[in-house]
Amino acid sequence: MRIERIEVRFVEAELDKPFGWSQRWTDVRSVIVLKVTTDDGIVGWGETYGSQDSVPGIATVAQIAVGEDPSHIGKIWHKLHRAVYQSHVFAKGGANAISALDTALYDITGKSSGKSAAELLGGRIHDSIPVYATGLYYVDNYALAPLLEEASGYVEQGFSGMKMKVGAMSLAEDAERIKKTREAIGGDVRLMFDANESYDPSTALTFANMVADHDLTWFEEPCASRDDQANKIVQERSPIPTSGGESLSTRWEFTSRLANRTFDIIQPDICGVGGPSEMHRVGLMSQAFGVKFNPHFWGTGISFAAALHSLAVQPIGQIGQTNIPYHNESVLEFDQTPHPIRENLTEPFFTQSDSRVVVPSTPGLGIEVDESVLERFTRGEVVVTDKPSAGQRVF
Ligand SMILES: [Mg+2]
């Protein structure tokens, strides 16, 4: 079996209502989708982040895999990585392409062998994964009432944790939003908050101390994600554990941050870290360093399924007789914000029960992709590559 054809496309959908976080507002949701087809007709799916302009670059990296045996997942991962390593795209664009292709290879290899991606990764340790609701963005010109209504809704749905945004308003106003949210959801539900890189260290520490009495589980991305000194200052002095790493790629970008405990919790994203292969490797590294591993998610059912499989094979952190979410069992972000593509693209449409999502057990990622949805939301040209790459390096 050989990889014969790779299609890369940008899909984007408009939202009925915009929402915002510390950096900006958005009125669209978008993603880049890879469709990989083998010479015997098996199709695998992958996805990553980027814009319409990213499509040709991602296709150029993915093309290096054309002609390869898709079950040689590790070999292909390192072949692509080698090709983008010394060209300054390693930090993001190259890793995004590798992430999407790696995801598709688990889908293909699983379908051809009758095994789920978790079985290919070594065998599932967990049949379901704890999740928390991500939402609670700024809406309606920063109004408080819809925030509290949304938070109460997650409690009613059975979520045991949720995460809200801070950083776009004054410290006093954002602290008040946290206080009111905690009052609305009661004391039995986990509450996290995310500044999306918007504070300097002293402001982050001032804010952490202002909200420390509200039983908060973590303070996400207090400072710029690659400003290790700033994040370390906050990690050392914050009364609330800190988290970060959603934009970091590959084991190399996590190594020093794990060794230095730049964050108490790392949050790699399967669409950027390097796919299920690298998510698994970084997860094992985090266990060895005693740093919690609670991955980020912001995509469609393709990457959510891939993240579930990756966490299914993640051992608990501190080993004991009991698995306890947030303590020694990883929790996965479960985006609940509007996303017309995610809401229509894949079967199953993942739902939680008791704040857990079942890991698919059918072959590959365990999802079906509705290609009519892809067609409907495709923007710009679909780049198709079906010839082996001539070069050993790209860009
Ligand atoms: Mg975040």
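Threonine 250 sits in helix α9, residues 250–259. Its phi is near 65 degrees, a positive value in a residue other than glycine. Is this threonine 250 buried or exposed? Threonine 250 counts as buried, because it has 22 C-beta neighbours inside 10 Å, and the cut-off for buried is 20 or more. Keep in mind that this is a predicted model, so the angles I quote are computed from predicted coordinates.

There is another residue of this kind. Tyrosine 326 is not a glycine either, and its phi is positive, about 75 degrees. Where does tyrosine 326 lie? In the loop between α11, residues 301–312, and β11, residues 332–335. Tyrosine 326 has 18 other C-beta atoms within 10 Å, so it is classed as partly exposed.

While we are on the backbone: the peptide bond from glutamate 347 to proline 348 is cis, with omega near 0 degrees. Proline 348 belongs to the loop between β12, 346–347, and β13, 356–358. For background, most residues other than glycine have a negative phi, and most peptide bonds are trans.

Now the whole chain. The protein contains 13 helices and 15 strands. A compact globule of 395 residues would have a radius of gyration near 21 Å, and the protein has 20 Å, so the two agree. The C-alpha trace spans about 60 × 45 × 40 Å along the principal axes. Of the 395 residues, 50% count as buried. If you take contacts between residues at least 6 apart in sequence, 75% of them join residues at least 24 apart.

Next, the domains. The domain assignment gives domain 1 as 3–115 + 369–385, and domain 2 as 119–365. Their C-alpha centres are 23 Å apart.

The crossing of α1 and α3 is right-handed. From α1, the residues involved are Gly57, Ile58, Val61 and Ala62, and they meet residues of α3 including Gly93, Ala97 and Leu101. The residues of this contact divide into seven nonpolar, four polar and no charged.

Note on methods: Residues numbered from 1 in each chain as written. Predicted model: local features only at pLDDT ≥ 70, side-chain atom pairs only at ≥ 80, totals over all residues. Helix = DSSP H or I, 4+ residues; strand = E, 2+ residues; numbered from the N terminus. Rg over C-alpha atoms; globule rule 2.2 N^0.38 Å. Buried ≥ 20, exposed ≤ 12 C-beta atoms within 10 Å, placed from the backbone. Contact = placed C-beta atoms within 7 Å. Left-handed = near helix turned anticlockwise from the far one by under 90°. Nonpolar A, V, L, I, M, F, W, Y, C, P; charged D, E, K, R; others polar. Domains from an automatic or database assignment.
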